[in-house]
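The report below reads a single protein model, moving from individual residues to the packing of its elements. Please keep the sequence and the coordinates at hand while reading.

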Amino acid sequence: MRRLYHRRFPDVPVPVPVDAIAEDLLGLRVVERELLGCSGMLVPWRREIRLDAAESRAAPGRRRFTLAHEIGHWICHCRRADPGEILCRAGDVDAPGDPREREANVFAAELVMPEEAVRAAHADGLSPGEIAASLDVSVEALEWRLYNLALTDEPPVSASPGG
């Protein structure tokens, strides 16, 4: 997805432009709603991603991961004619038994934290905080990415990669 965007819109720097990928590449409308009741929601038949406005204001890095997560649902899970709404509540995202949520998390991590960028920054000796800032993601999400790329031995203390 990231490479397709870069082919269509060259010379785009990191951090990855997740809003533009959703809107310009995929034709999805991104809206923020107060009191959404979940971090993010995909409404496929409206081609719409809804994000919790308060959470978006409080944690911009988490907002980017949530948006990438919902894009992941669009790409990976909306092949059916009527897939229905996909709501991502904390309990759903953290549920180890739901392969759709795990797949959307993996997709999001790969989209907003490109492996080559993470590996290069890590090899340059940047701290997790510095790498997270350069990618505009939460430190928690970046720590999970480092762990999943086997660049650290210990998993982060929290259970959620969205940070």
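Ala132 counts as buried because its relative accessibility is 1%, and the cut-off for a buried residue is under 20%. The model in which this value was computed is a predicted one, and Ala132 has its place there in helix α8. Once the neighbours within four places in sequence are left aside, the residues in contact with Ala132 are Val137, Ser138, Val139 and Leu142. Ala121 is 11 residues away from Ala132 in sequence, and the two C-alpha atoms are 9.9 Å apart in space.

**Overall organisation**

The protein contains 9 helices and 4 strands, and these elements follow one another along the sequence in the pattern α-α-β-β-β-α-α-β-α-α-α-α-α. Of its 163 residues, 47% are buried. Among the contacts with a separation of 6 or more, 53% are accounted for by residues 24 or more positions apart.

**The nonpolar core**

Which residues have the most contacts inside the largest nonpolar core? They are Leu26, Leu67, Ile71, Leu111, Met113 and Leu142, in a core that has 34 residues. At least two residues of this core are supplied by each of α2 (18-25), β3 (48-52), α4, α6 (99-112), α7 (115-123), α8 (128-135) and α9 (139-148), and the largest share, 6 residues, comes from α4.

Apart from its neighbours within four places in sequence, Ile71 is in contact with Val18, Ile21, Ala22, Leu26, Ile49, Phe107 and Leu111. Leu111 is located in helix α6 and, with a relative accessibility of 3%, counts as buried. Along the chain Leu111 and Ile71 are 40 residues apart, while their C-alpha atoms are separated by 9.4 Å.

**The pairing of α2 and α4**

Two packed helices are described by the angle between their axes and the distance between the axes. For α2 and α4, the axes come within 9 Å and cross at roughly 35°, and the crossing in which α2 passes α4 is left-handed. On the α2 side the contact involves Val18, Asp19, Ile21 and Ala22, which meet Arg63, Arg64, Leu67, Ala68 and Ile71 in α4. By type, the residues of this contact divide into 6 nonpolar, no polar and 3 charged.

Within α2, the buried residues are Val18, Ala20, Ile21, Ala22 and Leu25. Val18, Ile21 and Ala22 are also among the residues of α2 that meet α4. After α2 comes Gly27, which has a positive phi near 70°.

What joins the side chains of His69 and Asn105? A polar contact of 2.9 Å links them. His69 lies in helix α4, which spans residues 60-77, and it is buried because its relative accessible area is 3%, where the cut-off is under 20%.

Leu42 belongs to strand β2, made up of residues 40-43, and counts as buried at 0% relative accessibility. His73 is 31 residues from Leu42 along the chain, and the C-alpha atoms of the two residues are separated by 7.5 Å.

Besides Gly27, whose phi is positive, the backbone has a positive phi at Arg47, which is not a glycine, and at Ala150, which is not a glycine either. Arg47 is placed in the loop between β2 and β3, whereas Ala150 lies in the segment after α9. Ala150 is exposed because its relative accessible area of 63% is over 50%.

The relative accessible areas discussed above are gathered here.

| Residue | Relative accessible area | Class |
|---|---|---|
| Ala132 | 1% | buried |
| Leu111 | 3% | buried |
| His69 | 3% | buried |
| Leu42 | 0% | buried |
| Ala150 | 63% | exposed |

Conventions. Residues numbered from 1 in each chain as written. Predicted model: local features only at pLDDT ≥ 70, side-chain atom pairs only at ≥ 80, totals over all residues. Heavy atoms only, no water. Buried < 20%, exposed > 50% of the residue type's maximum accessible area, 1.4 Å probe, protein only. Polar contact = N/O pair within 3.5 Å; in protein donor to acceptor, adjacent residues only side chain to side chain. Core = buried A, V, L, I, M, F, W, Y, C linked by side-chain atoms within 4.5 Å. Contact = heavy atoms within 4.5 Å. Axes fitted to C-alpha atoms, helices over the stretch in contact; angles between N-to-C directions. Left-handed = near helix turned anticlockwise from the far one by under 90°. Nonpolar A, V, L, I, M, F, W, Y, C, P; charged D, E, K, R; others polar.
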